Amino acid sequence: MNAVDKYLAGRIAEREQAGNLRALSAQRSPVDFYSNDYLGLSTTGLLASLTPVGNHSTGSTGSRLLSGNSPQALALEHTLAIFHKAEAALLFNSGYDANIGLLSSIISRDTIVLSDELCHASIIDGIRLSLTTHKYKFRHNDLNDLETKLKRHATTGKPVIVVAESVYSMDGDKAPLTDMAALCGQHHAALVIDEAHATGVFGINGEGLVCALGLEDKIFARIHTFGKALGCHGAAVVGSAMLQQYLINYARSFIYTTALPPHSLQAIHSAYQHLQSHTFTNQPLHDLIAYFKAQVAGIPCWKQSSTPIQAYVAGNNEKAKQLATRLQQSGLQVSPILHPTVPAGQERLRVCLHTFNTREQVDVLIATTAN
């Protein structure tokens, strides 16, 4: 065994000993309480019925700057910009690609970056890939801590970027976007918001939490991903036309990768057609969220959330895995979230609610975790 193999084996052994070794599994219980398919678009067949099959090409053939651009991609970006009330939009192959491409390129060596301590790994990696050494975290959703750091750094004359998420993927809580945008405006800081778990869920037509609050003109850039509530794949950064032009020139995860294939563009287009149709409503999802909240009110292990993401904090890896196994044996697919994905002591069950879940299924889930 060479030195590299020894290193890999040692790291794997560390995870095994800690009880948090990750592995792929294809086993699934009948009732979905674990996926990000909040509106059920990936499983109901609706997108397939809306997606035209006239284009039989299986690939885009290259990057957008070489052979991979198309009228279809340009038209979709125009649709996305209008829908999300922005000047322009730029497609990326995933939310991860969008975050690392955006953040690594707009953050210069002299930029000061303030990010929420619970930001997603793609945001953390995007900041790491930038050249700045001026990167700081503020306490989760803590406006006082953010204001203190803004006051400290805004006087330096260097550009300041604040990064947060509208809905957080592990706790399911929302950022105080209105006050956060006001703070950034006062201190001339650019605010970047990841709307991954808000797209399709918030806003009358699923425009996201920023639009639902009427804040689109106060946000420098938004990231909307399509692999969650929209049941597709890919993502877009929406913002100004200048930002779009800049990213085309400097975002490496856009420039140096094969573009989304035609069938992906068609699926995204179909999802947005659905959001804009007279039949679309996300109200049933919010009705189920309200029911869930009422049932778990006063139970300490359940975090309070008004989004599809609900968290039962087990407190350690073993208990989280045992609870997940018990739920799966009851026919409910719920995944344990272990350290280091969450901090030690915050190991949990991450429950995702969907339009296709029933109140009876919710009752079984809550009763099973209580036993």
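Accessible areas come from the Shrake-Rupley method with a 1.4 Å probe, and for residues only the protein chains shown count as cover. This is a predicted model, in which local features need pLDDT of at least 70 and side-chain atom pairs count only at pLDDT 80 or more, while totals for chains, interfaces and linings use all residues. Residues are numbered from 1 along each chain as its sequence is written, and side-chain values use heavy atoms, with hydrogens and water left out.

**Exercise 1. Describe the chain as a whole.**

Step 1: start with the surface. The protein chain has an accessible surface of about 17200 Å², and carbon and sulfur atoms account for 54% of that.

Step 2: look at burial, where buried means under 20% relative accessible area, exposed over 50%, and partly exposed in between (1.4 Å probe, protein chains only). Of the 371 residues in the protein chain, 51% are buried.

Step 3: check the overall dimensions. The radius of gyration is taken over C-alpha atoms, and the globule rule is 2.2 Å times the number of residues to the power 0.38. A compact globule of 371 residues would have a radius of gyration near 21 Å, and the protein chain agrees because its value is 21 Å. The C-alpha trace spans about 55 × 55 × 55 Å along its principal axes.

Step 4: Helices (H or I, at least four residues) and strands (E, at least two) are DSSP runs, numbered from the N terminus; the protein chain has 14 helices and 12 strands. Contact means heavy atoms within 4.5 Å. Taking contacts between residues at least 6 apart in sequence, 72% join residues at least 24 apart.

**Exercise 2. Find the enclosed spaces and say what lines them.**

Step 1: set the rules. Rolling a probe the size of a water molecule over the atoms shows where empty space is left. On a 1 Å grid over the protein atoms alone, a cavity is a set of points where a 1.4 Å probe fits but cannot get out; a pocket is an open set with protein on both sides within 12 Å along at least five of seven lines; lining residues have an atom within 4 Å of a point. Grid points are joined across faces, edges and corners, and a volume is the space filled by probe spheres set on the points.

Step 2: count. There are two cavities of 30 Å³ or more.

Step 3: take the largest cavity, with a volume of about 100 Å³. Its lining includes Arg64, Phe92, Phe254 and Leu265. For the classes, Ala, Val, Leu, Ile, Met, Phe, Trp, Tyr, Cys and Pro count as nonpolar, Asp, Glu, Lys and Arg as charged, and the others, Gly among them, as polar. This lining has seven nonpolar, three polar and one charged residues.

Step 4: turn to the second largest cavity, of about 30 Å³. β2 (88-92), β8 (235-239) and α9 (241-250) each supply at least two residues of its lining, which has seven nonpolar, three polar and no charged residues.

**Exercise 3. Describe the two largest pockets.**

Step 1: the largest pocket holds about 920 Å³ of space. Among its 24 lining residues, Arg22, Ala23, Ser335, Pro336 and Ile337 lie nearest its centre. α13 (317-329) and β11 (335-337) are the elements that give two or more residues to this lining, and β11 gives the most, with three.

Step 2: the second largest pocket holds about 790 Å³. It is lined by 34 residues, and Cys119, His120, Ala121, Ser169 and Met170 lie nearest its centre. By class, 11 are nonpolar, 15 polar and eight charged.

**Exercise 4. Inspect some loop residues.**

Step 1: Thr43 sits in the loop between β1 (31-32) and α2 (46-50). Thr43 and Phe356 are 313 residues apart in sequence, yet 9.8 Å apart in space, C-alpha to C-alpha.

Step 2: Thr61, in the loop between α2 and α3 (71-83), is not a glycine but has a positive phi of about 80°. Thr61 counts as exposed because its relative accessible area is 63%.

Step 3: Pro340 lies in the loop between β11 and β12, and a cis peptide bond with omega of about 20° joins His339 and Pro340.
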